[in-house]
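Thanks for coming. I'll talk through one structure, so please have the sequence and the model open.

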Amino acid sequence: MPTTIKRLSLDEYIKGVLAADRIVLGKALSLIESTLEKDRSLALQLIEKLLPFTGKSYRIGITGVPGAGKSTLIEALGKHLTSLNKKVAVLAVDPSSKLTKGSILGDKTRMEELSADSLAFIRPPPAGGTLGGIAARTRESILICEAAGFEAILVETVGVGQTETAVKDMVDFFLLVMLTGAGDDLQTLKKGILELADGIIINKADGNNEANAKNTAADIRKTLHYFSSDEGLLVLTASALNKKGIAEIWKMITAYFEQTGKEDIEKKRQLQNLHWMHDTIQEKLYRNFYDTTDLKPLIKDLEKKVLSLKTTPINAAFELLKVYKSK
Ligand SMILES: Nc1nc2c(ncn2[C@@H]2O[C@H](COP(=O)(O)OP(=O)(O)OP(=O)(O)O)[C@@H](O)[C@H]2O)c(=O)[nH]1
Ligand SMILES: [Mg+2]
């Protein structure tokens, strides 16, 4: 692991990001992703300075089971946007991601076309760390990309419950990519995904699968009909691979922004900021608690007592918190 990474000065980061200098942008994102204390303080200063230049993008999250075609769809949607002369940044949240395997730049879908596009910027998911940590970094990365002038930020997430919720809480529009016949059609809907998704795409609607996909979409629409509060939720079919139905997806997203209105999007973002604040407190307190060296033996001791029923979990927790507070 490199011990000394050459960092730029705060001013160089600010100027470079605002000038949309890709090299500096990449370096700024590396700074954001760093967990070193001194990088953190520089990163926080950078975000503070760039804050006035943020907020002007469409923040879009894309979720779905592995292999649903999220990356392929992001590439197709990204290309559609760049064809409309819009600047697109792609980020990813994948807590399972290691340096060798990333969901967007691993040996799977590399988004080759979009990477070669001068209006697009693709950032592989940061490796490792807790979901809380990774989610916080992604929120910061969104702001940095906005300051660099990106008009649409597409965030790919792996389809794991907690990651979905974390990403939902940092975007304006949450798109669920589904497959037909994968056993995840109606079941997924029951799993509370309705509260998360702002739009649903039945992907791989091509070849023999096209009719099935259309049927699934119709079924889902029918199911949604029973949930009156979700009348606005749209269900479309697409083939990300053949770039079919992509313009319609963008129409669906922009219609959502128009219908919701600037004020309500702003309110949603303000609430998300509040959550962000509380998430940060939780994350910090949690790490601080478990990093407190003096507590470690007591934690071990009380763990044993809980296991052997010598104390209750609640009493053990209260005792530990009391000692922690007195530190
Ligand atoms: N036939 C067909 N295949 C597709 C379509 N979209 C994606 N695929 C294929 O499905 C496979 C998975 O696509 P990805 O875009 O990597 O899926 P993903 O959801 O990003 O997968 P993870 O990142 O692993 O979760 C690839 O082989 C794609 O070529 C589509 O519309 N039609
Ligand atoms: Mg992917």
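The magnesium ion, ligand 2, is coordinated by Ser71 through OG and by Glu156 through OE, at 2.1 to 2.2 Å. Donors here are N, O and S atoms within 2.8 Å of the metal, or 3.2 Å for Na, K and Ca; water is not among the atoms, so sites may look incomplete.

This is a predicted model: local features need pLDDT of at least 70, side-chain atom pairs count only at pLDDT 80 or more, and totals for chains, interfaces and linings use all residues. Residues are numbered from 1 along each chain as its sequence is written, chains are lettered from A and ligands numbered from 1 in the order written, and side-chain values use heavy atoms, leaving out hydrogens and water.

Where do Ser71 and Glu156 lie? Ser71 is in helix 4, residues 70–83, and Glu156 in strand 4, residues 152–157, so the pair ties together parts 85 residues apart in sequence. Helices (H or I, at least four residues) and strands (E, at least two) are DSSP runs, numbered from the N terminus. Ser71 is buried, with a relative accessible area of 6%, and Glu156 is buried at 4%. Buried means under 20% relative accessible area, exposed over 50%, partly exposed in between, with a 1.4 Å probe and protein chains only.

Now helix 1. Leu10, Tyr13, Ile14, Gly16 and Val17 are buried there. These buried residues pack against helix 2 (22–33), helix 3 and helix 6 (131–147), where contact means heavy atoms within 4.5 Å. After helix 1 comes Ala20, whose phi is positive, near 55°.
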